[in-house]
Amino acid sequence: MANFRFRKYQLNRKSELSVRRKHPWIFSGNLSSTTSPFVNGQWLSLFSTENFPVATGIYSDIGLVAIRVIQFSPSFSKEKIRESLICALQKRNELRKTTNAYRILHGENDFFPGITIDRLNSTWVVRIYSSSLLAYGRWLLWNLYDICKNSKLGEPQPKRILFDPAEKIGDDKLIFRKHNSKDTSTTSLFSEISDFPRSLVPSTPNLKAEENPVLLKSNLYNTTKRIEERLWRGKCEPIKMKTGPTKDSQKSVKRKNKSEKEPLRIRETIQLYGIQFPVELPGQKGGIFLDLRNLRRFLLEKKELSKDKNCLHLFSHTGLTSICMEVAGASSVLSVDGSKQALDSFQRVLSLRKKRENDCKHKFVQKNLFQELEDILKDKTFGLIVIDPPNLTPDAKSKQNALRSYSYLFGSCLASLEESGTIILCSCSGRIRSEELESLAQNILKAKGWTFERFTSLKPEADHPIRKNFPEGNYFKVHIYENCKKIEPQQSKTNSLKKPERPSQSHNAIIVAGSYKLLDSGDFRKLEQIGPYTIIRPSPVSAWPATKPQLWKNIHGEYARSDKGGGAWNWHKKVDEEFYIQILEYSIKIKFTPFGHLGIFAEQLENWKKIQQLSSGLKKEEEVLNLFAYSGVSTLAALDGGACVCHLDSSKGMVDWARDNANASGLADKKVRWMVEDVLKFLKREIKRGKDYRGFILDPPTFGRGASGEVFKIEKDLPELMDLLMQLCGNKPDFIVLTCHSTGFSSLALQRILEGRIRNRGKFHLGELSIPEESGKLYPAGSNCIYVSERLSL
């Protein structure tokens, strides 16, 4: 075998920033043409833009992830790899006391990208999610096996090591040379791997294999075959049949008669808090879904959720969670799954369990739950419902359909939940954030007139760690709503907020209730209709009499300022604590905040239309920066126009509010960065990073505070702010939308501030922000200045 060496690859700024943040992936879109000579599985030494080594990685010529970073250090260290393996084992010390089934290595979250190793009693199940990682994965496996010789670490060496290819890896296939059946010699695990660093190959490998296939390039299709499950160590003991011949055993005889290989089958018995559960390998996720252990522990510790209740488990798989309900004292458990194989496995498990008096009644049904859920729920009620669908977001385009599916499942099951029951919604869809799932479920609960006593979001257990700098790894959510009750219609007291009691109609379980109107203004107040509610708020500029005094009599509430500062809402009628209205094509969440704000500035309506138009003229990867972005309607307009957007506000609450608006408007999958930061600090960092923006949207406050208490005063800080913006576009922006509500900053003043800094040709559009009233008069609301370069049109 030829001697192997690391090859050098110099990162661009974006990739270097990703590596310095310790993100383990570099995407194919961020690579230069210098990668063209690299082969699949090439080991790389990654260099910074200043030509210093910063990390090591492995190149993949297939898929979105082009380089997986295996060490964030200038040079590769075998010792650090072994230290990381020991660290991973030590994290599982407490788990070994209660179970013999857990994940030993959790891929990127344990700093071993693309590789997972699960322990299921005496068998290790290895999955490698890219053909480029096969050699590295086998080397990691050898080191882990070797480390486990040390009994002080507490991790027993396995009797068997099973390689189980990942179920879905797109176009990336693990492909090997055909095994020479005439060669009966036993080879070492690494003796024929052609793309592995020779310096890393163990001198005395302990792992042997019946077969030792060799990784080849994927285009050698004439001499290759798709990899199947195989034992990398140990023997597969024949499974004894207690009953007569079955269809499966008859098929096995036919295969043997045709000289076909018997499918690999291994049976193990796992233990979980005293429960013994047989599993058959290979099988999807080992047959039990190890990441669900946190829910199983919860059900076993809080037995009152299941005790003496009829329980429903949707997407039950092989039934371990259903068994936990039984152990907790359930009266009956209905388990439903679309896989006959999974339910047959569950039936075999039940047949092996000892029957006792007053045993839980199990029933399992095979149904397509996205089409036949009504048949399952018809004329039935349950005290505990667990909904655990498979991954519904294999790609970004599928997210909206996934949200609709979660809404359908949760809303349908809610109708069959008993009073004071518990409903649990699980999600392994990584593209749906925990906050989105929580908002979706709670909106459905409110819409259907339910309340709950306690909400719990379970954290993953020690074998499924999460890294802050790898958000993609935080994929699994378990949301528990305990003691759910129907809200009884009743009269509320003055100043109270009612819970919404209406059916869900939109795809994200939200209701769009009207829009915004300015009905009248005068006497330093303004009369507004927001959705279905009529309110009064202070208006310092309304130094004129009201035009239509008759409209002011029948209102829902009024916000009054206090002489000591602040203010409060005084309610005369019931109102929802939050709801959505329609602005243009967007669904915008409205709240009656303690500061008197609603979540929109209606005077920006015409600007939102222009932002959408201007953004549509940008190229695909060009980015717009929205500063002081508030609840993000301008961000939605830019995203809708096709731009990439960086949304920045110093308030985390407002950024979360903007995220909700994007989700409700079907724009959450667009390219947007949500940033919580002080504006000036952020801009200075972006300049250091070499960022370039083509469009800017900003509505600076007269006075504001940053995320860490930094003070912003418009008369002092606006000039510096504009200078920083010009550095981010080379003084040649394609558009700027600058608005202001501060006294003294007229539209002409805003133009003078901009035109002295902009160096490319363009046109200014000046005006006054205003809102039309029902009378036809205009309500003044600030100054407006828009710059558009010759490249775009408005």
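This is a predicted model: local features need pLDDT of at least 70, side-chain atom pairs count only at pLDDT 80 or more; totals for chains, interfaces and linings use all residues.
**Overall make-up**

The chain has 794 residues, and 53% of them are buried. Its secondary structure comes to 16 helices and 40 strands. Among contacts with a separation of 6 or more, 67% join residues 24 or more positions apart.

**Nonpolar cores**

The largest nonpolar core holds 47 residues. Tyr-516, Ile-530, Ile-581, Ile-588, Phe-592 and Ile-600 have the most contacts inside it. Helix H12 (residues 633-640) gives this core its largest share, five residues. The core also draws on two domains: at least three residues come from each of domain 4 (516-581) and domain 5 (601-789).

Take Tyr-516 as an entry point. Beyond residues up to four places away in sequence, Tyr-516 touches Glu-528, Gln-529, Ile-530, Ile-581, Ile-583, Ile-600, Ala-602 and Ile-771. Another core lies apart from the largest one. This other core has 33 residues, including Leu-314, Leu-437, Ile-444 and Cys-484.

| Pair | Helix ranges | Axes come within | Crossing angle |
|---|---|---|---|
| H14 and H15 | residues 679-689 and residues 714-727 | 9 Å | roughly 25 degrees |
| H5 and H6 | residues 293-301 and residues 320-327 | 8 Å | roughly 10 degrees |

Start with H14 and H15, whose axes cross at roughly 25 degrees. Angles under 35 degrees count as roughly parallel, so H14 is roughly parallel to H15. Their crossing is left-handed. On the H14 side, the contact uses Val-679, Leu-680, Leu-683, Lys-684 and Ile-687. H15 supplies Asp-717, Glu-720, Leu-721, Leu-724, Leu-725 and Gln-727.

Now H5 and H6, with axes that cross at roughly 10 degrees. That angle makes H5 roughly parallel to H6. H5 makes the contact with Leu-295, Arg-296, Leu-299 and Leu-300. H6 meets them with Leu-320, Thr-321, Cys-324, Met-325 and Val-327.

Arg-694 sits in the loop between H14 and strand S35 (695-698). Its relative accessibility is 11%. The cut-off for buried is under 20%, so Arg-694 counts as buried. Arg-694 touches Leu-618, Glu-622, Glu-623, Cys-729, Lys-732, Pro-733, Asp-734, Phe-735 and Arg-791, leaving out residues up to four places away in sequence. Arg-694 and Lys-619 are 75 residues apart in sequence, yet their C-alpha atoms are 9.5 Å apart.

Asn-760 is found in the loop between helix H16 (747-755) and strand S39 (762-772). Asn-760 and Gly-730 are 30 residues apart along the chain, with 9.7 Å between their C-alpha atoms.

**Loop residues with positive phi**

Lys-22 is not a glycine, but has a positive phi of about 65 degrees. Lys-22 lies in the loop between helix H1 (13-20) and strand S2 (25-27). With a relative accessible area of 37%, Lys-22 is partly exposed.

Phe-524 is not a glycine either, and has a positive phi of about 65 degrees. Its place is the loop between strand S25 (516-522) and strand S26 (525-530). Phe-524 is partly exposed, at 47% relative accessibility.

Conventions. Residues are numbered from 1 along each chain as its sequence is written. Side-chain values use heavy atoms; hydrogens and water are left out. A nonpolar core is a set of buried Ala, Val, Leu, Ile, Met, Phe, Trp, Tyr and Cys residues joined through side-chain atoms within 4.5 Å. Buried means under 20% relative accessible area, exposed over 50%, partly exposed in between (1.4 Å probe, protein chains only). Helices (H or I, at least four residues) and strands (E, at least two) are DSSP runs, numbered from the N terminus. Domain bounds come from an automatic or database domain assignment. Contact means heavy atoms within 4.5 Å. Axes are lines fitted to C-alpha atoms, for helices over the stretch in contact, and angles run from 0 to 180 degrees between N-to-C directions. Angles under 35 degrees count as roughly parallel, over 145 as roughly antiparallel, 65 to 115 as roughly perpendicular and the rest as oblique. A crossing is left-handed if the near helix is turned anticlockwise from the far one by less than a right angle, and right-handed if clockwise.
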